Amino acid sequence: MIYNFKVFKELVWVALISFSCTSNPSHPPQKAQNPLSGINQTNYDLKKLEEALDQLVKDPILRHGTLGFSLKNAQTGALVLEHQPQQSLIVASCIKAVTTATALGILGTEYTFETTLEYSGNIEKGILKGDIFIRGGGDPTLASQILKTDNLPTLLNQWVTVIKNKGIQQIEGNIVADEEAYATDLTPAEWIWGDMGNYFGAPAGALNVLDNTYRLFIQPGKKIGDPTSIVRTEPNIPHIQFINTVKTAEAGSGDQALISGAPYESLRYVTGTIPLGGVFSIKGSIPDPGLYLAQSLRAKLDQAGIQVIAKSTSTRLLKLAGERYASERQTLTRQKSPSLKTIIDYTNRFSVNLYAEALLKAIGTQQKGEASTQAGLEAVVEYWEKKGLNTEGLFLKDGSGLARANGITANQLSQMMHLITQENYFQDFYSSLPVAGVSGTMYSVGGGTAMQNNLRAKSGAMSRVLGYVGYFKTQSGTFMCFSVIVNNYTCQYPEIKKKLSDLMLEMVGI
């Protein structure tokens, strides 16, 4: 497996702490004050920072690794200090800063996704002689547990009420998840098997629900080394099956289990260990979110006494079976997502892969007429080339940073941060970045130091990778942008995190 479990456990813990300690998760934080006003000093005391950077470069933990660093005046773009700025490096979730800024520039802060409930055929004496369709528009926040949008039962009850109010008492046809708006090849080509099936590896499709995640509850054995048993999933996912080889480990060993499985496939593989004690839960990605949504709506219709004669299905499955479905339909209701600005707030603060991939495909739709990963990536690169960025050495493979085949230089990241300050969406982007010592994935970085409430950054972490990209103000008030990335370090994650934090502390002190 490529990902380090300890890294993921810490990032998840950070997010949970941030939800409970920093703000009501149903509302984005207040907009940060505009940092572009104020002085613009050009002389800096770099001695301590240069010494700290030199010490880190020579540290044995980077004997086999690489460090990229770029520090610039955010307003002018003038270079202040750099180290290996042209090396293409893996930056993990720092890629989200690129995706979200591009989305703001191309789609606009008020852009919304839309899901439409429709019907085909005619209604005769309370009987719908046709199908009910849920037409997806790529909304990653439908019944989101992260954004706290309408929960799934509430959403489904609203849809059932709309269907009832139309006079429909029986449905002769299918409940169809219409996923035609997006390419059926949902997963970026460079994602690995060890990530697919996990909650953080949930791909973005035309229809997404519950953040495309479920919880799997597992009962440990009575002693270390014993096999475990599957208890249930929440919510219940019809037809899902598990091949379970998870073993019982010592108490307190934490979540060392992994769910693997391809999109659309109901068979999941569960490996690793869980600790002794009570029933333990881990998170996985729903194999076919669109089909699950159609199945859930049908169950609600049954509860409401509206009989559905045919089946729950999707446009993909109907095509595979060679079955036709109606293109002429009537709209029952439309469901709009929160604004793009709100989605980006959560994407960057809590590093939500699903949201970043959905934004990438929305960019592809807008610029290329195609909701695919490849179309989105081409549009992103073109956007930055038009801004004057030299994209040599830029290798983008997804929108979230989960792909280890991504490559970007420290100079490109810092230059992007500078270019963003020239855009009318800068304030919204800046406000979305986690604050050191305060919020999101930066909650546990720089607390109680000069970084707290000053440095804002998108972090990125995976096995042997750690990076930060963002902004801060110097002691004299000059607004700066920076990127720092390490690849292939040989120490444990807490140690490299501490070393980069110390480096950034010297940086804000210039």
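Me: Leaving aside neighbours within four places in sequence, which residues is Lys300 in contact with?
Reply: Happy to start there, and please keep in mind that this is a predicted model. Beyond its sequence neighbours, Lys300 touches Pro153, Leu156, Asn157 and Val160, all by contact. Lys300 itself sits in helix α5, which covers residues 289–303.

Me: Is Lys300 buried or exposed?
Reply: The general idea is that buried means under 20% relative accessible area. Lys300 has 18%, so this lysine counts as buried. Across the protein chain, 57% of the 510 residues are buried.

Me: How do I read Ile243, then, and where does it lie?
Reply: Ile243 belongs to strand β11, residues 241–244. Together with Trp193 and Tyr269, Ile243 makes up a nonpolar surface patch of about 290 Å² accessible area.

Me: What radius of gyration would a compact globule with 510 residues have?
Reply: Near 24 Å, and the protein chain has 24 Å, so the two agree. The C-alpha atoms fill a box of roughly 80 × 60 × 40 Å along the principal axes.

Me: How many helices and strands does the protein chain have?
Reply: There are 12 helices and 21 strands. As for contacts between residues at least 6 apart in sequence, 72% join residues at least 24 apart.

Terms used: Residues numbered from 1 in each chain as written. Predicted model: local features only at pLDDT ≥ 70, side-chain atom pairs only at ≥ 80, totals over all residues. Heavy atoms only, no water. Patch = residues over 30% accessible without salt bridge, like charges linked within 9 Å, V, L, I, M, F, W, Y side chains within 5 Å. Areas by Shrake-Rupley, 256 points an atom, 1.4 Å probe, with all protein chains shown as cover. Salt bridge = Lys/Arg side-chain N within 4 Å of Asp/Glu carboxyl O. Helix = DSSP H or I, 4+ residues; strand = E, 2+ residues; numbered from the N terminus. Rg over C-alpha atoms; globule rule 2.2 N^0.38 Å. Buried < 20%, exposed > 50% of the residue type's maximum accessible area, 1.4 Å probe, protein only. Contact = heavy atoms within 4.5 Å.
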